Amino acid sequence: MLDQLRNLIAQLRFRGMEAALDAEIVRAERGSVPAVDLLYRMLLEEAASKRERSLAYRLQEAHMPWNWSLESFPFERQPGVDKRQIQTLAGLDFLRRSDNVLLVGPPGILRQACVNGYRGRFYNAQALLDELYASLADRSSLQLLKRLSRFQLLVLDELSYLTLKSEQIDMFFRLIDQRYLRTSTIITTNLDTPAWYDLFQKKPLVDALLDRLQHHCVTIRINGPSLRSRASEVSAPNRLRRRTAAAKPTSSHVNGPASPKPHRPRK
């Protein structure tokens, strides 16, 4: 019967139960554990295993290039950042409201979202715009936009001095428009929003883009040293060891006044 139980658990892919089965059987035999208690403990193991696998999948799907977390955010090196505001964002209420965030240097919020069960994706802004442009050639743009719009959190890093074609700009607007009021987007940039008009070269489109981004938006300006330079400083000794052995805020919702750019209702 035990072999049949093992085979059934394997067929059902109950990996948590499979890993805990032998130890729980021995424990039950030695302690005369009631069947209901044994079943409950096995189901607890399976539930924990499913949570771990789900988290691992979300982190893999997110494609985060750094292991940043809120615990590792260098608040002492970023005196212009309101720690309470970042911690409030980490509560992820902005995701439940489908709010957006504009900031320079993402402080681990994508990882926090994945840990709490949200699906997210990190993109370098130029890479995303190039992927959007390439989708026009093979006519897969509708599928790509649909897939990107399903992510509960989309992080676009380094929206600054990009090489852009007119089609990329149009596709980027379509993406933001599809996510508007449905899901949350974090954009990191070293360009304040007035400079976006020079970047995108389409004033009516930038007006519409900013309307959607800044409606229900938290804006954080980080004026301290680059977080990437800090990441390099931390990872350099690790790389050396491996070689030797053989990686002031403003907000419309949180602790601050509303964004200075007024919201124009959508037509």
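## Close-up views of ring and charge contacts

**View 1. Aromatic pairs in the predicted model.** By the ring-pairing rule applied here, the count comes to two aromatic pairs, and the structure in which they are found is a predicted model. F172 and F200 make up a stacked aromatic pair, with 5.8 Å from centre to centre and 10 degrees between the planes of their rings. Because F172 belongs to helix α9 (residues 166-179) while F200 belongs to helix α10 (residues 196-200), this pair ties together parts that are 28 residues apart in sequence.

**View 2. The aromatic pair of W196 and F200.** W196 and F200 form an edge-to-face aromatic pair, in which the centres are 6.1 Å apart and the planes stand 70 degrees from each other. W196 and F200 both lie in helix α10, where they are four residues apart, or about one turn of the helix. Both of these residues, W196 and F200, are buried. Taken as a group, F172, W196 and F200 form one aromatic cluster.

**View 3. Charged ends placed over tyrosine rings.** The charged end of K165 sits over the ring of Y133, at 5.0 Å from the centre of that ring.

**View 4. The salt bridge between D22 and R6.** Side chains of opposite charge can pair when their charged atoms come close. The structure holds eleven salt bridges, and one of them is the contact in which the side chains of D22 and R6 meet, with 2.5 Å from N to O. This pair links distant parts of the chain, as D22 is found in helix α2 (residues 15-31) and R6 in helix α1 (residues 2-11), 16 residues apart. D22 has a relative accessible area of 42%, so D22 counts as partly exposed, and R6, with 31% relative accessibility, is likewise partly exposed.

**View 5. The salt bridge between R41 and E24.** The closest N and O atoms of R41 and E24 are 3.0 Å apart, and the two residues form a salt bridge. Because R41 lies in helix α3 (residues 35-62) and E24 in helix α2, the pair ties together parts that are 17 residues apart in sequence. The two partners can be told apart by their accessibility: R41 is partly exposed, with a relative accessible area of 31%, whereas E24 is buried, with a relative accessible area of 7%.

View 6. The side chains of R147 and E131 come together in a salt bridge, with 3.2 Å from N to O. R147 lies in helix α8 (residues 141-150) and E131 in helix α7 (residues 125-137), so this pair ties together parts that are 16 residues apart in sequence. R147 counts as partly exposed at 33% relative accessibility, and E131, with a relative accessible area of 29%, is also partly exposed. Elsewhere, salt bridges that share partners join D3, R6 and D22 into one network.

Conventions: Residues numbered from 1 in each chain as written. Predicted model: local features only at pLDDT ≥ 70, side-chain atom pairs only at ≥ 80, totals over all residues. Heavy atoms only, no water. Phe/Tyr/Trp six-rings, centres within 6.5 Å; stacked < 30°, edge-to-face > 60°. Helix = DSSP H or I, 4+ residues; strand = E, 2+ residues; numbered from the N terminus. Buried < 20%, exposed > 50% of the residue type's maximum accessible area, 1.4 Å probe, protein only. Lys NZ or Arg CZ within 6 Å of the ring centre and 35° of its normal. Salt bridge = Lys/Arg side-chain N within 4 Å of Asp/Glu carboxyl O.
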